[in-house]
Amino acid sequence: MHSLRLKNAVFFAHHGARQEEQRTGGRYEVDVCMDLDFTAAAREDDLVKTVDYEHVYRVVQDIVLKNRFSLIERLAYLIAHRVLQAYPIILQIEVTVRKTNPPVGGPSDCAEVAYRSERRSG
């Protein structure tokens, strides 16, 4: 098994449990790590036999920018399942969503969630 990663896709969006967060917005960073066998794609230099990370970026962008959620957990969940649905070749996926400068009452670089899922066989 091999890994293909899209790291630190950055967006300004309006998510959060507090109305102030949804009104003012903030910076969100997303990583997507996909485990798959891309041997055939590498051997044949064929994009069709692997995951198109430009398309994955657009999926992430669409979910982050066109929706409003209270929880970054929801963002990570939706991204993971949408990418799994788009690419049957992916066996496992981990999506990390970071919210920079979270409203925690003091200095903090970010709040971060990591959601992992694997394709069920059968």
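Visitor: Is aspartate 45 buried or exposed?
Guide: Aspartate 45 counts as exposed, at 74% relative accessibility, and this value, like the others here, is computed from a predicted model.

Visitor: Where does aspartate 45 lie?
Guide: Aspartate 45 lies in the loop between helix H2, residues 39-44, and H3.

Visitor: What about phi of aspartate 45?
Guide: Phi is near 55° there, which is a positive value in a residue other than glycine. As background, most residues other than glycine have a negative phi.

Visitor: And what is phi of asparagine 101?
Guide: Asparagine 101 is not a glycine either, yet its phi is positive, at about 50°. Asparagine 101 sits in the loop between S3 and S4, and with a relative accessible area of 64% it is exposed.

Visitor: Changing topic, how many aromatic pairs does the structure hold?
Guide: The structure holds 2 aromatic pairs. In one of them, phenylalanine 11 and tyrosine 57 have ring centres 5.4 Å apart and planes at 35°, and the pair is classed as tilted.

Visitor: Why tilted, with planes at 35°?
Guide: Planes under 30 degrees apart would count as stacked and planes over 60 as edge-to-face, so an angle of 35° leaves the pair among the rest, which are called tilted.

Visitor: Which parts does that pair tie together?
Guide: Phenylalanine 11 belongs to strand S1, residues 2-13, and tyrosine 57 to helix H3, residues 53-65, so the pair ties together parts that are 46 residues apart in sequence. Phenylalanine 11 is buried, with a relative accessible area of 5%, whereas tyrosine 57 is partly exposed, at 29%.

Visitor: What of the rings of tyrosine 77 and tyrosine 115?
Guide: Their centres are 5.4 Å apart and their planes stand at 70°, so that pair is edge-to-face. Tyrosine 77 lies in helix H4, residues 72-86, and tyrosine 115 in strand S4, residues 110-118, so this pair ties together parts 38 residues apart in sequence. Tyrosine 77 is partly exposed, with a relative accessible area of 35%, and tyrosine 115 is partly exposed as well, at 23%.

Visitor: Staying with H4, how many residues has it, and what does it reach from its first C-alpha to its last?
Guide: H4 has 15 residues and reaches 21 Å from its first C-alpha to its last, which is close to the 21 Å expected at 1.5 Å a residue.

Visitor: Which residues in H4 are buried?
Guide: The buried residues in H4 are Ile72, Leu75, Ala76, Leu78, Ile79, Ala80, Val83 and Leu84. As a rule, an α-helix has 3.6 residues a turn, so residues three or four places apart point the same way.

Visitor: What do the buried residues of H4 pack against?
Guide: The buried residues of H4 pack against strand S2 (26-36), H3, strand S3 (92-100) and S4.

Visitor: Zooming out, what does the secondary structure of the chain come to?
Guide: The chain has 4 helices and 4 strands, and from the N terminus on its elements run β-α-β-α-α-α-β-β. Among contacts between residues at least 6 apart in sequence, 60% join residues at least 24 apart.

Visitor: How many of the 122 residues count as buried?
Guide: Of the 122 residues, 39% count as buried. The chain exposes about 7,500 Å², with carbon and sulfur atoms supplying 48% of that area.

Technical notes:
Residues are numbered from 1 along each chain as its sequence is written. This is a predicted model: local features need pLDDT of at least 70, side-chain atom pairs count only at pLDDT 80 or more; totals for chains, interfaces and linings use all residues. Side-chain values use heavy atoms; hydrogens and water are left out. Rings of Phe, Tyr and Trp (its six-membered ring) pair if their centres lie within 6.5 Å; planes under 30 degrees apart count as stacked, over 60 as edge-to-face and the rest as tilted. Helices (H or I, at least four residues) and strands (E, at least two) are DSSP runs, numbered from the N terminus. Buried means under 20% relative accessible area, exposed over 50%, partly exposed in between (1.4 Å probe, protein chains only). Contact means heavy atoms within 4.5 Å. Accessible areas come from the Shrake-Rupley method with a 1.4 Å probe; for residues, only the protein chains shown count as cover. The expected span of a helix is 1.5 Å times one less than its number of residues.
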